[in-house]
Amino acid sequence: MGNTWKPADLQAQINAVKTAGWMVFFKKAALAVGIKLAILLAIASRETGCRNIKGDGGHGRGVCQIDDRSWGDFLIAHKDGMDPESNIRKAADILAANLKALGNMEQALCAYNCGAGNVRRALANHQDPNTRTAGGDYGKDVLARSVVIEGLLAAEIEPNELKVPNDAQ
């Protein structure tokens, strides 16, 4: 997907999420782990354009592309990752664990894409962790998407859904 998106693309993706009935899954997952709804939607946007597909050469599963090489047991237990509700929740759990381990949202997003070990190696070598991600911009791109998505949803989201605990920013 990379950084070739426009706000109109994101609006169309949000509309598709709503039409599919998945918005409630995104809201519940974001609230459960204390991350912004817009960040979780931005991951789905970057990963699949908010579509429930198999991607990454068959390794990525579902709307948030849970990878079978890292999360095979989860996929086996959850309809091969193609159940949107469990897929979205797993993505939120992965991001929250990365955030706890790394302490920085952009780094956590990079780890979502390339793994925490690759992020730590990049940091140890004084490199931008984005350089280890698909397209070389994953964390930055997802954050940029989330800002636009937050603006698009601002009128529809309850104020407490936009808030995040200070330690999760």
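Reader: Where is Ala38 found?
Author: Ala38 is in helix α3, residues 37–48. Helices (H or I, at least four residues) and strands (E, at least two) are DSSP runs, numbered from the N terminus.

Reader: Is Ala38 buried or exposed?
Author: Ala38 counts as buried, at 4% relative accessibility. Buried means under 20% relative accessible area, exposed over 50%, and partly exposed in between, with a 1.4 Å probe and protein chains only. The C-alpha atoms of Ala38 and Val148 are separated by 8.4 Å, and these two residues are 110 apart along the chain.

Reader: Before I go on, what kind of model is this?
Author: This is a predicted model, where local features need pLDDT of at least 70, side-chain atom pairs count only at pLDDT 80 or more, and totals for chains, interfaces and linings use all residues. Residues are numbered from 1 along each chain as its sequence is written, and side-chain values use heavy atoms, with hydrogens and water left out.

Reader: OK, big picture then. How many helices and strands are in the chain?
Author: The chain has nine helices and three strands. From the N terminus on, the elements run α-α-α-β-β-β-α-α-α-α-α-α. Of the 169 residues in the chain, 46% are buried.

Reader: What order do the strands have in the sheet?
Author: The order is β1-β2-β3, in an open sheet with antiparallel pairing. Two strands pair if DSSP finds at least two bridges between them.

Reader: Which strands stand at the edges?
Author: β1 (54–55) and β3 (66–67) do; each has a single partner strand, so one side of each is left without a neighbour in the sheet. Strand β2, residues 60–61, is joined to β3 by two bridges. The bridge partner of Arg61 in β3 is Ile66.

Reader: What's in the loop between β2 and β3?
Author: Gln65 lies there. Gln65 has a positive phi of about 55 degrees although it is not a glycine. Most residues other than glycine have a negative phi. Gln65 is buried too, with a relative accessible area of 10%.

Reader: And the loop between α3 and β1, what's there?
Author: Cys50 lies in that loop. Its phi is near 60 degrees, again a positive value in a residue other than glycine, and Cys50 is buried at 5% relative accessible area.

Reader: Switching topic: how do the axes of α6 and α7 cross?
Author: The axes of α6 (residues 105–114) and α7 come within 7 Å and cross at roughly 125 degrees. Axes are lines fitted to C-alpha atoms, for helices over the stretch in contact, and angles run from 0 to 180 degrees between N-to-C directions. α6 and α7 are therefore oblique to each other; under 35 degrees counts as roughly parallel, over 145 as roughly antiparallel, 65 to 115 as roughly perpendicular and the rest as oblique.

Reader: Which residues meet there?
Author: Gln107, Cys110, Ala111 and Cys114 in α6 meet Ala116, Asn118, Val119 and Leu123 in α7.

Reader: Last one: what joins Asp137 and Arg46?
Author: A polar contact of 2.9 Å between their side chains. That term means a pair of N or O atoms within 3.5 Å; within protein, one must be able to donate a hydrogen and the other to accept it, and residues adjacent in sequence count only if both atoms are side-chain atoms. Asp137 lies in the loop between α7 (116–124) and α8 (138–153), and Asp137 is buried, with a relative accessible area of 12%.

Definitions and conventions:
Contact means heavy atoms within 4.5 Å.
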